[in-house]
Amino acid sequence: MKLKRPESVFSSAGFCPGCGHGLASRLVGEVAEELGIAEQLITVVDVACCSFNIDYWNFDTIMAAHGRDIPTAVGVKHIRPNNPVLAYMGDGAAYSIGMAETIHAALRNDNICVVVINNSVFGMTGGQMAPTTLPGQKTATSPMGKDPSRYGTLSAVELLKGMDIAYLARGELVGVAGMNKAKAMLKKAMQHQLNGDGFSLVELLSPCPTNLNLPPVEAKTYVHEEMTKFYPVGEFIDKEGKN
């Protein structure tokens, strides 16, 4: 069997070897083409590692200020209601500087799709400790390991579970099974938007070999064996559509 890349994703990419962004970017392309929305999809990317997708995706793409992807996507959806809109960002943008925007878009049940790449660090700026950094995890700003007595570990899924939104899921960009499940989650989230059901968020656990200071294979193992202990994967909200 010959596997062909999606036409909506260019063949060359500059993500670090082993980074999950390249995998997620391809999945977005596959989902857009399978749903027949590649020509209509408008994507909003963050200024961090996500910003590379402005050159890799063949979608109409807007680069937002750091952490402001979601309000930018909401604004686009208001002026182009017939276009599917996707906000794509990292955990730092979504759960740190942009946490208020994430929460309030969910409270309003805005009809957009949000994809958050959670690699447990601030990747682009040097691997500093993030709200998603695991207890004991070493980062550029926690060289002795994150002290759980001083800093908690944020699970946005737990915060969003009780809200009246269309879809909430978490997957992992590890292994064939993990990739297939992640793709199914992305497809379902986008379908909810096409149905007009409201806010959908898919968090994808991702290896960051550069800032985890691990070889790519070991970084994937870390995601699968350690990150999933704090961030269980699965579907948490999947509401019946309006149609």
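**Reading the terms against the values**

Colleague: What makes His 78 and Ile 79, on the other side of H3, exposed?

Modeller: His 78 and Ile 79 are called exposed because that word stands for over 50% relative accessible area, whereas buried means under 20% and partly exposed lies in between (1.4 Å probe, protein chains only). The model is predicted, so local features need pLDDT of at least 70 and side-chain atom pairs count only at pLDDT 80 or more, while totals for chains, interfaces and linings use all residues. Residues are numbered from 1 along each chain as its sequence is written, and side-chain values use heavy atoms, with hydrogens and water left out.

Colleague: Which residues of H3 are buried, and why are they said to be on the same side?

Modeller: In helix H3 (residues 69-79), the buried residues are Asp 69, Ile 70, Ala 73, Val 74, Val 76 and Lys 77. Their arc around the axis is only 160°, which places them on the same side of H3; the arc is taken from the directions from the helix axis to the C-beta atoms. Helices (H or I, at least four residues) and strands (E, at least two) are DSSP runs, numbered from the N terminus.

Colleague: Why is Ala 94 called buried?

Modeller: The relative accessible area of Ala 94 is 0%, so Ala 94 counts as buried. Ala 94 belongs to helix H4 (residues 91-97) and touches Met 89, Met 99, Thr 102 and Val 116, not counting residues up to four places away in sequence; contact means heavy atoms within 4.5 Å.

Colleague: What makes S7 and S8 a pair?

Modeller: Two strands pair if DSSP finds at least two bridges between them. S7 and S8 have 6 bridges, in the parallel sense, and therefore meet the definition. From S7 the chain passes through H7 to S8 in a right-handed β-α-β crossover: with the strands pointing away from the viewer, the path from the first strand over the helix to the second runs clockwise.

Colleague: Which strands stand at the edges of the sheet, and why?

Modeller: The open sheet has 7 strands in the order S2-S1-S3-S4-S8-S7-S9, with mixed pairing. Strand S2 (60-63) and strand S9 (234-238) each have a single partner strand, so one side of each lacks a neighbour in the sheet. On average, neighbouring strands are turned by 15° against each other, direction ignored; axes are lines fitted to C-alpha atoms, for helices over the stretch in contact, and angles run from 0 to 180 degrees between N-to-C directions.

Colleague: What makes S8 mostly covered?

Modeller: Of the 6 residues of S8, 6 are buried. Ser 200, Val 202 and Leu 204 lie on one side, with Leu 201, Glu 203 and Leu 205 on the other. In a regular strand, side chains alternate between the two faces of the sheet.

Colleague: Which residues have the most contacts inside the largest nonpolar core?

Modeller: They are Leu 86, Tyr 88, Met 89, Val 114 and Leu 204, in a core of 58 residues. H7 contributes the largest share, 6 residues. The term denotes a set of buried Ala, Val, Leu, Ile, Met, Phe, Trp, Tyr and Cys residues joined through side-chain atoms within 4.5 Å. Apart from this core lies another, of 9 residues, including Leu 134 and Tyr 231.
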